[in-house]
Amino acid sequence: MAVLNHPPSSPDLPAIKGRALNLRRKMMRMASGKGEGYIAQGLAMADCLATLYFHEMRYDPTNPDWKERDRFVLSTGHYSIAMYAVLAEAGTLQDEELVTYGLNGSRLPMSTFDDIPGVEIVGGSLGHGLGQAVGMALGLKLDGSSARVFCEFSDGELQEGSTWEAAMGAATFNCDNLVVIIDCNGIQADGVVTVKIEPVADKMTAFGFETIEVDGNSVEALTDALAKLRAPNGKPKCIVQRTIPGFGIPTIMARDRAHFVRIDNSEWTALTAELERENG
Ligand SMILES: Cc1ncc(C[n+]2csc(CCOP(=O)(O)OP(=O)(O)O)c2C)c(N)n1
Ligand SMILES: [Mg+2]
């Protein structure tokens with residue numbers, strides 16, 4: 001069976017960065033097709049997803065249900081644009097289907113469904129990803145599997161009690177096969193995060209996680225942190241990643257309201273040109 005990757009000892013940084021740029025290109029095509037979408041979060045997640053799928057995770061794109069696969073659980077269903085992009089880049093989805101993102105009748109809605117190949121959970125209702133990921137991690141351990149579970153969730157979800165209950169469960173059950181990645185982008189919908197959640201890294205450590213805080217738009221920092229968090233030492237792992245919504249396209253990064261971007265055709269064309277100018 002073709003296994004896409006096992007973690008190599010040293011990451012191929014230019015290759016991972018090239019993948020991240022491809023993800024951003026795909027996402028821009030998807031959002032411009034519908035004229036709107038959660039593009040800012042998608043662009044910001046590109047470095048993390050490229051690092052996971054093209055370096056860290058054990059994943060066979062031709063067999064997304066492979067029992068021994070590492071699982072990626074996207075808790076923020078509205079980040080689906082990033083999920084579809086990485087699945088297409090890996091070869092699990094086809095590029096042609098991406099342009100149907102968010103359209104009526106499409107298999108690729110703006111929030112994830114688990115009948116899409118490579119998507120592990122139904123998204124949309126926030127605060128449920130970590131609980132499901134802990135269940136998966138515990139189940140895999142009980143089965144004697146060496147597969148790991150990578151779970152992304154957001155700073156907004158840190159305001160939900162279910163997240164903290166699940167975090168306590170992960171430590172209680174010694175889920176050292178679980179790596180959570182908290183996307184701290186500083187926003188929740190149309191404003192800044194309202195309830196005081198900091199210091200996130202200290203809190204996760206206090207809850208029993210081995211925790212590293214990184215710049216989530218640095219492939220170097222992400223590969224380094226993931227390598228340090230591979231030890232099966234009984235502790236669940238946590239990466240607190242700081243990201244900038246719209247990363248890669250300065251005009252989107254500078255937007256006041258970046259949670260949902262709805263703009264004209266001509267603006268999508270200009271922003272796509274900006275992506276190439278800045279990163280191509
Ligand atoms: C349980 C639940 N409550 C509210 C919402 C509505 N909602 C959709 S996205 C969002 C913002 C949440 O913040 P965060 O997850 O940090 O997302 P970001 O704004 O960074 O994309 C909210 C409140 C939801 N999807 N689920
Ligand atoms: Mg947020």
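Predicted model: local features only at pLDDT ≥ 70, side-chain atom pairs only at ≥ 80, totals over all residues.
I started with D12, which has 15 C-beta neighbours inside 10 Å and so counts as partly exposed. Being buried would take 20 or more such neighbours, and being exposed 12 or fewer.

Where is D12 in the chain? I found D12 in the segment before α1, the helix of residues 13-34. Then I looked up a distance: D12 and V219 are 207 residues apart in sequence, yet their C-alpha atoms are 10.0 Å apart in space.

Next, the sheet. I read off the strand order as β2-β3-β4-β8-β7, an open sheet of 5 strands with parallel pairing. Which strands stand at the edges? They are β2 and β7 (210-215), and each has a single partner strand, so one side of each is left without a neighbour in the sheet. I also noted the twist, which averages 20° from one strand to the next.

I went through β2 (residues 71-74) residue by residue. R71 and V73 point one way, F72 and L74 point the other way, and all of them are buried.

β2 runs parallel to β3 (residues 149-154), and I get 4 bridges joining the two. For L74, the bridge partner in β3 is E152. On to the following pair: β3 and β4 (residues 178-184) are parallel as well, over 6 bridges. Here I find S154 opposite D183 of β4.

Then helix α6, residues 161-172.

Which residues of α6 are buried? I have T163, A166, A167 and A170. Looking down the axis of α6, I see these buried residues fall within an arc of 105°, so they line one face of the helix. G161, M168 and T172 are exposed, on the other side of α6.

Last entry: ligand 1. I count 16 residues around ligand 1, and the ones that come nearest are L126, S154, G156, Q188 and A189. How does the shell divide by residue type? It comes to 3 nonpolar, 11 polar and 2 charged.

Conventions: Residues numbered from 1 in each chain as written. Chains lettered and ligands numbered in written order. Near = placed C-beta within 6 Å. Nonpolar A, V, L, I, M, F, W, Y, C, P; charged D, E, K, R; others polar. Pairing = 2+ DSSP bridges. Axes fitted to C-alpha atoms, helices over the stretch in contact; angles between N-to-C directions. Arc of directions from axis to C-beta.
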